[in-house]
Amino acid sequence: MANGRSTARAGRGEREWSLAVDFGTCFTTAAMLGDEDAAGAVGPRSLEIENSRCLPALVCLDDSGALLTGRAAQQRAVHHPDQAERAPKRALARQPAVLLGGRSLPAAELAAAVLRRVYAEARAAHEGRAPARTVLTHPARWGTAERGRLAEAAALAGIADPGFLPEPVAAALHHGQVHAVPEGGAVAVYDLGGGTFDTAVLRRTAEGFVAVAIGGDPYLGGEDLDECLRDLLAERAADRDPDPWHALWDDPGPPAAARRAALGRELTAAREALSQTGSVDLAVPGYPQPFLIRAHEYRAAAEPLLTRSYELLAATIADAGLDAADVHEIVLTGGASRTPRVSDLIAERTGRLPLLTADPKSAVVLGALAVLPPTRPPGSPEAAQPPDTDGAAAPGGRVRRYLNPDGDLGFRFTPHR
Ligand SMILES: Nc1ncnc2c1ncn2[C@@H]1O[C@H](COP(=O)(O)OP(=O)(O)OP(=O)(O)O)[C@@H](O)[C@H]1O
Ligand SMILES: [Mg+2]
């Protein structure tokens, strides 16, 4: 796919199609464009795997040493938590290898298992044909090393020559596809996912959108909010009787590991429920009575983390040379942005009511589908080439690309409208 142009892999009379994959900490999503669905409609459509648009990120070794994904991985992980990695994306960013069931596996292989599954399911939806191009999104703050590992995982999964796009830039482009943004107007994105927090500011120009600043924290997300709730629970447990809590966390055996994993799932479900309800009950192994946690208590525990996320958003807006009052729209996406305190905090600090994307799981892949990849895999010869400002047709509009030294922001996109 030299310079992002597609190579024809479709046969005579068959449409080329494009694939965008948002490899997430908790869930991976994908969308496809250029093909016809069962009703004969042409347009972006989400890939469904096991009747869901969200493929759980978790991978688990089976008895033969193969890596399971999806429901099979989830089911096996309940009984073999030591053979499972809940968040391959976090592992990919943090460490070269992961210990699973006593075996050291390259983190890129765990990520590749997820990408391979998505790629196979997407090709199966196209009679086995490969996409003409594939775009992978990544956290805004991932550097060359992390993007390099993602490229390695994609290669292991058999994805040929993918393009790369920062997640919040994709989300902002999707906003530009569905909402009118006046020329000169800026869109700020706050994307709080399961494990990463991404921010971006894009400005609408006569030509399209230009990304002017990106930021965030690749180690901040819903998993950290889970930890806030767990710390709160630990305090309660210590007040009631510290012994069962210590027994739960200090026991290295597989049954205790399975109980800890189950409690982790309960914590996530309880935290999500606290976005809707005033209190939750949490049962903890070893305690005969559940613990009652009230929403305001959880909110106080999560406040420092959410304040930090707001400050990172404010820093990105400042990096763009703007004040929050100058931004046309502040867009919230990512599952954890559904935490009610996020909107309240932004509204309190900026006097602006942020806009919740209608479908936080699809904004990134749909935005990513609309552009040709602006960057090359790190280390590829094209990355060192001088800027390329040729206009190029993209599924959702027209892209003008150039390559920055860091490869992140070098494109302009004009939607068809
Ligand atoms: N209603 C809700 N209230 C609070 N948090 C929620 C809600 N719904 C989902 N979440 C949280 O959103 C997170 C998952 O979001 P999302 O699917 O956007 O992440 P991801 O794309 O997998 O991760 P990332 O983009 O960080 O790599 C989980 O931590 C989940 O608990
Ligand atoms: Mg995400």
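Which residues does alanine 172 touch, not counting residues up to four places away in sequence? The legends below begin with that residue and then turn to ligand 1. The model shown is predicted.

**View 1. Alanine 172 and its contacts.** Alanine 172 belongs to helix H5, which covers residues 167-178. Leaving aside residues up to four places away in sequence, alanine 172 touches Val187, Val189 and Leu202. Its relative accessible area is 1%. Because buried means under 20% relative accessible area, alanine 172 counts as buried.

**View 2. Alanine 172 and alanine 368.** These two residues are 196 residues apart along the chain. In the folded model, 9.7 Å separates the C-alpha atom of alanine 172 from that of alanine 368.

**View 3. The shell around ligand 1.** The shell holds 21 residues, of which Thr25, Lys89, Arg271, Glu272 and Ser275 come nearest to ligand 1. By type, the shell residues are 3 nonpolar, 12 polar and 6 charged. Helix H8, residues 254-273, gives the most to this shell, with 3 residues.

**View 4. Polar atoms at ligand 1.** A polar atom in the side chain of lysine 89 lies 2.6 Å from an oxygen atom of ligand 1. For cysteine 26, a backbone N or O atom lies 2.7 Å from an oxygen atom of the ligand. Glycine 195 also takes part through its backbone, where a polar atom is 2.8 Å from an oxygen atom of ligand 1. Ligand 1 taken alone exposes 650 Å², and the protein buries 89% of that area.

Note on methods. Residues numbered from 1 in each chain as written. Chains lettered and ligands numbered in written order. Predicted model: local features only at pLDDT ≥ 70, side-chain atom pairs only at ≥ 80, totals over all residues. Heavy atoms only, no water. Near = heavy atom within 4 Å. Polar contact = N/O pair within 3.5 Å; in protein donor to acceptor, adjacent residues only side chain to side chain. Areas by Shrake-Rupley, 256 points an atom, 1.4 Å probe, with all protein chains shown as cover. Helix = DSSP H or I, 4+ residues; strand = E, 2+ residues; numbered from the N terminus. Nonpolar A, V, L, I, M, F, W, Y, C, P; charged D, E, K, R; others polar. Buried < 20%, exposed > 50% of the residue type's maximum accessible area, 1.4 Å probe, protein only. Contact = heavy atoms within 4.5 Å.
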